[in-house]
Amino acid sequence: RRRRRRRRRRRRRRVVAVVAASAVAGALVAAAGCGGVAAAEMSDSESDDSGDNLGFFNPDLFTSNVELERDAFTFDDLRVELQFIHNSNQFVDRFVSRVVWPSAQEMCTFFKAHPEEIVGKRVLELGSGTGLCGIAVGLLGAGYVALTDNNDEAVALLAENAKLNKLGEKCTSHTHMWGDTESADKLIEAVGGKFDVVIGTDVVYEPECVNPLLTSARHFLKNGDSKFFLANHTVRYGGLEKYVKQEAVELGLDETVMPSIVGEDGRIDFSIFCKGSDSSAELSTAKPAALTSEAEREGST
């Protein structure tokens, strides 16, 4: 009986540990989806001089101490070589920027079928992660591709993956935190201008991410017929699409909701955004990431 009681106690401890780990992982995934927005919100008074307190988002949890595998992703005759971790990896929730998510693969298929959207054009990818989609459009004939993510180690992986695919100087990798228009201007100056196409795949996880994401997308786009392609797995995107629409209207982006893509891993929600006709004046600042309350959002819908 004593042995049975000890086994029950051990099982209870394991269950508690798993639940706690899952809760932490969920919070970390949300923070990663925000491109580090949560870290930017931490004031000096909340920081710890010892360096132990890294705030809600710790980029080290997403970019180091995990073994990468190397494989090729194929889309008919298009082949993209990548270093990444498989989404079945036990550490997947801690290394979200190194996983190839379903929307990126489906968007590669879309651009393979519609090369006119990217051939000869300047393309920027937000929250590139492994860089699959951005590298694919480079191989499909984009004139220039800028891959971006929110910390140096993620950007280093992007550069390595671009090198694997022999893209040379037509594809570069950069650090960018969504909503930071000052750093966006520096990037734009460094690469010689704005972009015809901006891409984001599986990048919307939390309401707090939406305004900074759309702000960056809008800021990087040229005026005229430039486009922002946004694709998200329904499992993560469900419930946020109305909020995306609200923020797009406020930022002067016209949204065209495309037919959902049904892939092997489920349904992908897909929209294309263009700058509105009154968008000649650039937005200079982003709204605070805190945004509106849940009650305010419900009232607006």
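Guide: Before we look around, one term: angles under 35 degrees count as roughly parallel, over 145 as roughly antiparallel, 65 to 115 as roughly perpendicular and the rest as oblique. This is a predicted model, where local features need pLDDT of at least 70, side-chain atom pairs count only at pLDDT 80 or more, and totals for chains, interfaces and linings use all residues. Residues are numbered from 1 along each chain as its sequence is written, and side-chain values use heavy atoms, with hydrogens and water left out.

Visitor: Thanks! How do helix 4 and helix 5 sit relative to each other?
Guide: The axes of helix 4 (residues 102-113) and helix 5 (residues 132-139) come within 9 Å and cross at roughly 15 degrees. Axes here are lines fitted to C-alpha atoms over the stretch in contact, with angles running from 0 to 180 degrees between N-to-C directions. The two helices are therefore roughly parallel to each other.

Visitor: Which residues make the contact?
Guide: Helix 4 brings A104, Q105, M107, C108 and F111, and helix 5 brings L132, C133, A136 and V137. Contact means heavy atoms within 4.5 Å.

Visitor: What does F111 touch?
Guide: Leaving out residues up to four places away in sequence, F111 touches E117, I118, C133, V137, L140, I199 and F229.

Visitor: New topic: how many helices and strands are there?
Guide: The protein has 11 helices and nine strands. These are DSSP runs, with helices (H or I) of at least four residues and strands (E) of at least two, numbered from the N terminus.

Visitor: And how much is buried?
Guide: Buried residues, those under 20% relative accessible area with a 1.4 Å probe and protein chains only, make up 49% of the 301 residues.

Key:
Buried < 20%, exposed > 50% of the residue type's maximum accessible area, 1.4 Å probe, protein only.
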